[in-house]
Structures are given as C-alpha cells and as structure tokens.
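Visitor: I would like to learn how to read a ligand site and the charged pairs of a model. Please begin with the terms.

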Amino acid sequence: MRTQVGIIGSGPSGLLLSQLLHLQGIDTVVLERRTQEYVLGRIRAGVLEQGAVDMLREAKVADRLDREGLVHDGFDIAFGGRRHRIDLRKHTGKAVTVYGQTEITKDLMDARAAAGGNLVYEAENVQIEDLDCGTPKLTYTKGGENHEVVCDFIAGCDGFRGISRRTIPDNILKTHERVYPFGWLGILADTRPVSDELIYVNHWRGFALCSMRSPTRSRYYIQCAFDENLEEWTDDRIWDELRVRLPDAAAESIEMGPSIEKSIAPLRSFVAEPMRFGRLFLAGDAAHIVPPTGAKGLNLAASDIHYLSQALIAHYAEGGRMDLIERYSENCLRRIWKAERFSWWMTNLLHKFPDQNSFDQGVQRAELDYLTESEAAQAALAENYVGLPY
Ligand code: FAS
Ligand code: PHB
C-alpha cells in the first residue's frame, strides 16, 4: 500500500490529523492497535480550549459539539470550606467548552468513516522502517497477514506508551519528566452535576474535582495514592470521600448514584524533544504528558496537530515547501512548555504532597489566598486556563 502520510494511533491526535489532511486532499492511513470499541471506551479529557473547538470546527466535526457542548465562563476554586470563582470571561473575554474526549473521538471516527478514510483497527506489531530514506514505511500484521504501507511522512500519534518516540535514537532524543507521588481516581455517573461549573478543591485530605459531561452526567476525581487499588474503592467509599472534601453546601446537595466507569490515572509531567526526526513527527501524548489538573492534555494534542497539519498542507500545496516542517518541533515545544508549567503550577497549588512540611503548607495557603485577593493573579490563571495563543 502507498500513502502520503502514515499515522500511528486513532486517538484524538491521529484522527484529527487524518481528517484535516483529508479535507485538503492529502491521503492518509491510520493504524490503531486496539478495537474501535476499546478506544471509545476510554474515559479521559473533558474541557476544551477555544483553540481546540476552532480546530474541530475547521475539521468539520463540530456540529454535535456546538449543539451539546457546555460553554463555561468560569470555574470555582474551593479551600478552607469556601468557594472562589475565577471569571474566565471577565479576565480573557473567552470561555472553555465541556465536551468529553470520547464524544470527540466518536465524531472524528464517524467523519473518517463517512469519507471512506483508511483506518485499520487491531493493527498488530506496527513497526517504523526505512526512516532514513525518502520513503519510510509502516509494517503491521492483521489477521495473521503481514502488511506494508510506504509513506512520504509518518505521524506518531500513538500516545505515551506508543512506539514512535522510541524510534528516535537515544543520542538525539531528550526527555524531561516529573512523576507526582499521587494519582487521580475518577468516577463517571449518570447523576446531575453538583454545580453548573467545575469546582477544583484543595482539602487537607487531598484534591477533589467536580466536573461533568452533560446536565445529567457527572465526572468526579479525588486524589489518591499512586499505587491505590481500585478494587478497594466501592462507589459508596468514593461518594463518602468526595462529600468530606467538598464545601458543605456542595457536599449536602451532591447527587450520588452507581458508577458507569471508575479508573485511576497516574500523574506525570513529561516532554520529549525533538518532536521531529527526519520524516517522523511526534504529536500529542507521544511527545508530552501533563497532569490533568490544568485540563491541557487533549488541548495540547490539538495545537500540535494545528502546527503539523499546516506544515504538511503547505508542503503538498506549495511544491515541497519545508520551512514549516523544519520548524514544527520548535513551534510545538514553545507552547507545550508553557502548558507544562501551568499544569505543574496548578497541581502544586491544589494537591496534598506526602512530603509537605508546615512551611510548604504555609506557602500553598498563601498562594491560594493571594489568588483569591488579586485580580492580576486571577487574570494570569484565566489566560492559561482558556489556552495561550497558537
Ligand atoms: P492517545 O493516548 O489518546 O491515543 C493514542 C492511540 O495510539 C491509542 O488509541 C493507542 O491505542 C494507539 N497506539 C498506541 N501504541 C500503538 C501502536 N504501537 N500501534 C498502533 N496504535 C497504537 N487530558 C485532559 O485534558 N483531561 C483529563 O482529565 C485527562 N485524563 C486522562 C486520563 C488518562 C488515564 C490518560 C491516559 C490521559 C488523560 N488525559 C486527560 C490526557 C488525554 O486526554 C490525552 O491528552 C489525549 O488522549 C491525547 O490524545 P493522543 O495524543 O491521540 O493520544
Ligand atoms: C474532566 O472533566 O475529565 C476534567 C476536567 C478538568 C480537568 C481535568 C479533567 O482539569
């Protein structure tokens, strides 16, 4: 088989890239190791920056998002039993949109299928070969048969545990990482959200987050030990812990019900550079990970795909133009590191660290007090939360 751009991974990065290139007449093949059902079964991000919404509109997959997405002009930060609203619209003139990553993935899959896109699910043992020549190739097996896809370019959209990052030689790839000493236990339930907007909670027992997917579907998180055993967290235990950590009024009004999904996610900050090696590009979680505190993971994937799609479209439309391809990594990393900083800062602001001493606790409390008393501090938080410019 021959294609212009071979894409590994059918998460948001791979699907969005495939769709944007298709709209410009550029041929792609997407190789995904899991089944469609498995990919759709993963519950992940929930908050979209305006930039990501614009990308989905540009990809012509935003009709349902525009109908069902919940536009939020602000969110609350709660500590010491009190809630403090961060007014995004006042400080930035912008908002965020709550719309689950699962829905985005479904909308993109439907669009690719409708256009007859070449998406191969259950593609096993994907390998990248001949990267150092003008026509790299992807090989894989499916149903016991070996296949080969000769490409002009390869996009590694295969997430943190994919193969593409590992294809870049160790003497070229540099990685930067911070692993946090806790995780997030998430629960999804068909219950009315406890608040119209999100509530981020700093509590002496640990962080909590009240989010949602729709007016009838809630998403909650509580900070837990990084090696926590999910089996030991019954629904009742999760609801009880949430109610202890929430401000009183929210704790009394929360609607509880059976979980439809429960999972524990580890928290890490991670950046790999460069994000291009010859004709291989890394995009999304393949290149970087942020703790979900700042709701940046999916949104960074969208901005990577903005830069990558622009570079590839210019290459094919303008006689092999290479400048945007050569600047891809630099363009992405400038925005990625700012989101990494913000996500690290927000994680330190809101979580209980096991090794915190009384000084650390004093500084954390002072940071929270300063935030609630300073318009400038709130404006700085707001402009990072709605998303810095591409
Ligand atoms: P993805 O990981 O989504 O997709 C990569 C795809 O590549 C997967 O489908 C995988 O099966 C496939 N793949 C991997 N290796 C392959 C191989 N060798 N061959 C073929 N296919 C291969 N972000 C937020 O903003 N808020 C959140 O609350 C949040 N929660 C998260 C919870 C968890 C458990 C995780 C892991 C991430 C979370 N994220 C969150 C971040 C998440 O939303 C990512 O940023 C987003 O999925 C990135 O999309 P992709 O880059 O497409 O990577
Ligand atoms: C979510 O709804 O899953 C969500 C929202 C905001 C975050 C992280 C996760 O910061």
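Guide: Helices (H or I, at least four residues) and strands (E, at least two) are DSSP runs, numbered from the N terminus. Here, α1 (12-22) and α10 (297-317) each supply at least two residues of the shell around ligand 1. This is a predicted model, in which local features need pLDDT of at least 70 and side-chain atom pairs count only at pLDDT 80 or more, while totals for chains, interfaces and linings use all residues. Residues are numbered from 1 along each chain as its sequence is written, chains are lettered from A and ligands numbered from 1 in the order in which they are written, and side-chain values use heavy atoms, with hydrogens and water left out.

Visitor: Which residues come nearest to ligand 1?

Guide: A residue is near a molecule if one of its heavy atoms lies within 4 Å of it. There are 29 residues around ligand 1, and S13, E32, R42, R44 and Q101 come nearest. By class, the shell has 13 nonpolar, eight polar and eight charged residues. Ala, Val, Leu, Ile, Met, Phe, Trp, Tyr, Cys and Pro count as nonpolar, Asp, Glu, Lys and Arg as charged, and the others, Gly among them, as polar.

Visitor: What lies 2.7 Å from an oxygen atom of ligand 1?

Guide: A polar contact with the ligand is a pair of N or O atoms within 3.5 Å. At 2.7 Å from a ligand 1 oxygen is an N or O atom in the side chain of R44. The side chain of D285 has an N or O atom 2.9 Å from an oxygen of ligand 1. The protein covers 87% of the 990 Å² of accessible area that ligand 1 has on its own, an area from the Shrake-Rupley method with a 1.4 Å probe.

Visitor: How many salt bridges does the whole structure hold?

Guide: Side chains of opposite charge can pair when their charged atoms come close. A salt bridge is a side-chain nitrogen of Lys or Arg within 4 Å of a carboxyl oxygen of Asp or Glu. The search finds 27 of them. One joins R64 to E68, with the closest N and O atoms 3.5 Å apart. Both residues lie in helix α4 (residues 63-68), four residues apart, about one turn of the helix.

Visitor: Is R64 buried or exposed?

Guide: Buried means under 20% relative accessible area, exposed over 50%, and partly exposed in between (1.4 Å probe, protein chains only). R64 is buried, because its relative accessible area is 18%. E68, at 41%, counts as partly exposed.

Visitor: Which parts does the salt bridge between K90 and E375 tie together?

Guide: The side chains of K90 and E375 meet at 3.0 Å, N to O. K90 lies in helix α5 and E375 in helix α14 (residues 375-385), so the pair ties together parts 285 residues apart in sequence.

Key
Polar contact = N/O pair within 3.5 Å; in protein donor to acceptor, adjacent residues only side chain to side chain.
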